[in-house]
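Please examine the sequence and the three-dimensional model shown here before reading the explanation.

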Amino acid sequence: MKCPHCQNAKTNPRAKKTKLGYPTFYCPACRHTFNERTGSRFNNYGYPTDVIFQVVLWRLRYKLSLRDLSEMFLVRGIEFSHETVRLWEAEFAPLITQQLKAERRKNLTKMAARRWKTDETYLKVKGETVYLYRAIDQFGNLVDVRLSKTRDLAAAEAFFKQAAQTVGHKPSQVTSDKHASYPKAIRKQLGRKVEHRTSQYLNNPMEADHRGIKSRYRSMKGFKNFESAEQFCSAYDEQRNWFRYREFRNEAVPLSRQRTLYRTRFAYLQNLFKAA
């Protein structure tokens, strides 16, 4: 294993392991002893990286409260409080978002997201209404998501600018509702050559896609502050899209294939998480 202190590749494994069972190594060049997590974001945590990953992912993916997760791991012999779950979510949910956005852009083909469907849905943060702007492509895959305190021209422009940066190119067509801010925002941020459609029925797939975040958010009974809501919504949609097993809308995928895809993507994301 490469030394995190001097980057020397010729290091020696030691017989001794850490309290969490991680192998240790010795670097003859700089004479440092280190383990697999030395220099990583997980080094000062007293729990295995796999446990932290599972807690954060399950918090995002399933309708589980902070206390639900602490109880689920308690019966497995791992003790931590619901406050620990909250801190792990705040620290590592943005990491999952960052990793999955990078993977999505890296694997994106040039024609994969040329036609966008976009819309906004409302959520509650401390009793006040905020707006979640979301966009998917013609295959139902996520383009981007952005939480805003307002529903106006500035918010629409910020969303389209961020979405174009996320996928690395601008669309040829955008379908939205008839909100007055969309035409000008599209012209300014995406260009005048972009076709803009405003039919209610053409945007039904986008309306239906809101069900994911709405059903997950409803069980949480709202958010306490805007920053945590923004963080959660981005991470939720990224992991939801990552585990999506359909390559195009309404594709029939056998259960065996779904299970294989889930296992493969879970392991891949877990390795990304460890390497951060």
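The paragraphs below treat the sheets, the cysteines, the nonpolar cores, a central helix of the discussion and some loop residues.

The model is predicted, so local features need pLDDT of at least 70 and side-chain atom pairs count only at pLDDT 80 or more, whereas totals for chains, interfaces and linings use all residues. Residues are numbered from 1 along each chain as its sequence is written, and side-chain values use heavy atoms, with hydrogens and water left out.

Secondary structure comes first. Helices (H or I, at least four residues) and strands (E, at least two) are DSSP runs, numbered from the N terminus. Two strands are paired if DSSP finds at least two bridges between them. On these terms, three strands make an open sheet in the order β1-β2-β3, and their pairing is antiparallel. Strands β1 (12–17) and β3 (33–35) each have a single partner strand, so one side of each is left without a neighbour in the sheet. Neighbouring strands of this sheet are turned by 35 degrees against each other on average, direction ignored; axes here are lines fitted to C-alpha atoms, for helices over the stretch in contact, and angles run from 0 to 180 degrees between N-to-C directions. Three bridges join β2 (residues 23–26) to β3 in the antiparallel sense, and phenylalanine 25 stands opposite phenylalanine 34 in β3.

Another open sheet has five strands in the order β6-β5-β4-β7-β8, with mixed pairing. Its edge strands, β6 (142–148) and β8, each pair on one side only. From one strand to the next, the twist averages 20 degrees. Strand β7 (residues 173–175) pairs with β8 in the parallel sense over three bridges, and glutamine 173 has glutamate 195 in β8 as its bridge partner. Helix α4 (residues 153–167) packs on this sheet, touching β4, β5, β6 and β7, and its direction makes about 145 degrees with that of β6. Helix α8 also packs on the sheet, where it touches β4, β5 and β6; the direction of α8 makes about 170 degrees with that of β6. Contact means heavy atoms within 4.5 Å.

The cysteines come next. A disulfide is a covalent bond between the sulfur atoms of two cysteines. The criterion applied is a pair of cysteine sulfur atoms within 2.5 Å, and a search of the whole structure finds zero disulfides. Cysteine 6 counts as partly exposed at 33% relative accessibility, while cysteine 27 counts as buried at 0%.

In soluble globular proteins, nonpolar side chains tend to be buried together. A nonpolar core is a set of buried Ala, Val, Leu, Ile, Met, Phe, Trp, Tyr and Cys residues joined through side-chain atoms within 4.5 Å. The largest such core has 42 residues, and those with the most contacts inside it are Val55, Val56, Phe92, Leu123, Phe223 and Phe273. Helix α1 (residues 49–61) gives the largest share of this core, eight residues. Apart from this core lies another, of 18 residues, among them Ala113, Ala156, Val167 and Tyr182. Leaving aside neighbours within four places in sequence, phenylalanine 273 is in contact with residues including Phe42, Thr49, Ile52, Phe53 and Phe92.

Some loop residues complete the description. Arginine 31 lies in the loop between β2 and β3, has a positive phi near 65 degrees although it is a residue other than glycine, and counts as exposed at 69% relative accessibility. Lysine 126, in the loop between β4 (115–125) and β5 (128–137), has phi near 55 degrees, also a positive value.

Key: Buried < 20%, exposed > 50% of the residue type's maximum accessible area, 1.4 Å probe, protein only.
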